[in-house]
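Try each task before you read its solution.

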Amino acid sequence: MTKRKVLSVGVTLFFLILLLGLSPLYSVQLLDISINGTAEKTEITVSFDKAVNYTEFATENKLIFDLLETESGLESNKFDGINRGGIKAISLIPFYTANLLRLSIDLTKSVQYTAKSEDNKLLISFANPEAKTFQPWSASEQKVTSASLGYEETYETPGLISLDLENADIQTILRAMAHYGGKNIVAGDEVKGTITMKLTNVTWKQAFDVIVKTAGFSYREEGNIIRVAQGSTFDKERESAELAQPVIHRVYKLSFASPKEVKANIDKLISKKGKVEVDSRTNSLIVTDIESRHRDIKALVDILDAPNPQVDIEVKVVDVDYDYSRELGITWTAKNLRSRKYNIAAAGTLYTPVAGITDLTFGTVRSFAKLQALLNIGEGEGKTKTIANPRITALNNRKAEILGGKKFPVNVLDQAGNLVTRYFEVGTKLNVTPHINSRNEITMDISAELSNVDPTTLIITTTQASTRQLVKDGETVVLGGFVREEEQHSESGFPLLRRIPILGSLFKSTGKSMKKREVLIFLTPHIIKYY
């Protein structure tokens, strides 16, 4: 108990010394500001009761003088509408904790100036940018108005502070911070405890924020008063205030978005009194809530109810003779279309094959027109065959499904032993989800499946691949490596004689060979522009 009392007294004495040390000590008083001059020159005279020390700097169209250990003896701190000699306004801003008075001079344009201290006066002069004569002006002769008191309660400090605290009482710290920052701080009854920290060269705002949050409390600025309490206290106050407000019914008619989807986001914004209903017939949301929540809901609806971009996706599925695909690869314009066994130059850039049953590759094609011409030539020679060429339009971030193939029936027995017919799909199946970014590039999530059925055994062979590709508008994504083998039969011999029944076999020879075929899938997305 004795140790705790000694610590408390020590902390209290520490802060009393701190408060005394931080009290502003003014030694100079500003008496008046006057403006005189001619069409060629503007002169500003700042009068004091004794000599003054100052620092100065200039920004665009503004001169700043920090008058050290100085307070203003004028009733007004803000002088607008001067409008003479190139001067628009003059402001006096007291920084109590830094023990200085800032003189801010707003100009019509940047100027080259001179400043000097002489006989308890600060003399500032520069060339008159307006180049015309003007009437003299004096701050002490100006009428005091509410607007001219603009900076009477300014306490922010441009300086930095340092703190070294050990088991210091939070209430004592807050009182010291209030005095140091010239703030009105009110702490709730629950604000108790001690804090240990060391801060070096931080602003008052940073120090106050760290102290309050480290102690586990929150604060709220209400005008020129800062309240410190537990976060739950402010939440209860907010809820109580909202419960006391009347509810308002409003209808938000949506033009593009689905009301059911938007409702999921609005539900997160409504108060305890709020309610959201969906009217599908008018594509609207009926919201009942207080006015402040309606403002937040309106802002959110304006963002979400926007036209969703669309992507037109052109798909081309080509069955290519494997040897011919290598010949095409040699004549294509881009590089690195490759499988695990062959290196092919292609009209695009393709990436590492995917491990699996087959060697799959993915890539992009930038010059699909030339590639299309080469594929058309191969199709005329029977070396390529277009299996499917569908086209589909998909919304941004929405999945599109493309199926090109056939269904075949299979008779099977159900659990009750009854003979039923089931249909199976074989062919090319694509699932594509486009994502448009801010640079009008398209990221496509692609899932491809190729399947075929053996008509004798009814065994379905399926090859699947999934990838994510980033392409520009109009570029083509290529999926390759779907390779299969086909048995081909050939016959050669003497014309006419080989067709003679029975004896014809003497004049002909037959053979069979295994031929490789590869399926290439091309996907070309185009962003549908709205003009």
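**Exercise 1.** Find the volume of the largest cavity.

*Solution.* The largest cavity holds about 40 Å³ of space. A cavity is a set of points on a 1 Å grid over the protein atoms alone where a 1.4 Å probe fits but cannot get out. Its volume is the space filled by probe spheres set on the points, which are joined across faces, edges and corners. The whole structure has 1 cavity of 30 Å³ or more.

This is a predicted model: local features need pLDDT of at least 70, side-chain atom pairs count only at pLDDT 80 or more, and totals for chains, interfaces and linings use all residues. Residues are numbered from 1 along each chain as its sequence is written, and side-chain values use heavy atoms, without hydrogens and water.

**Exercise 2.** Name the residues that line the largest cavity, then sort them by class.

*Solution.* Step one: list the lining residues, which have an atom within 4 Å of a point. They are Val315, Val317, Ala388, Pro390, Ile402, Leu403, Gly404, Thr428 and Leu430.

Step two: sort them. The lining has 7 nonpolar, 2 polar and no charged residues. Ala, Val, Leu, Ile, Met, Phe, Trp, Tyr, Cys and Pro count as nonpolar, Asp, Glu, Lys and Arg as charged, and the others, Gly among them, as polar.

**Exercise 3.** Which strand gives the most residues to the lining of the largest cavity?

*Solution.* Strands (E, at least two residues) are DSSP runs, numbered from the N terminus. Strand 20 (310–321), strand 27 (400–413) and strand 28 (419–436) each supply at least two lining residues. Strand 27 gives the most, with 3 residues.

Methods
On a 1 Å grid over the protein atoms alone, a cavity is a set of points where a 1.4 Å probe fits but cannot get out, and a pocket is an open set with protein on both sides within 12 Å along at least five of seven lines; lining residues have an atom within 4 Å of a point. Helices (H or I, at least four residues) and strands (E, at least two) are DSSP runs, numbered from the N terminus.
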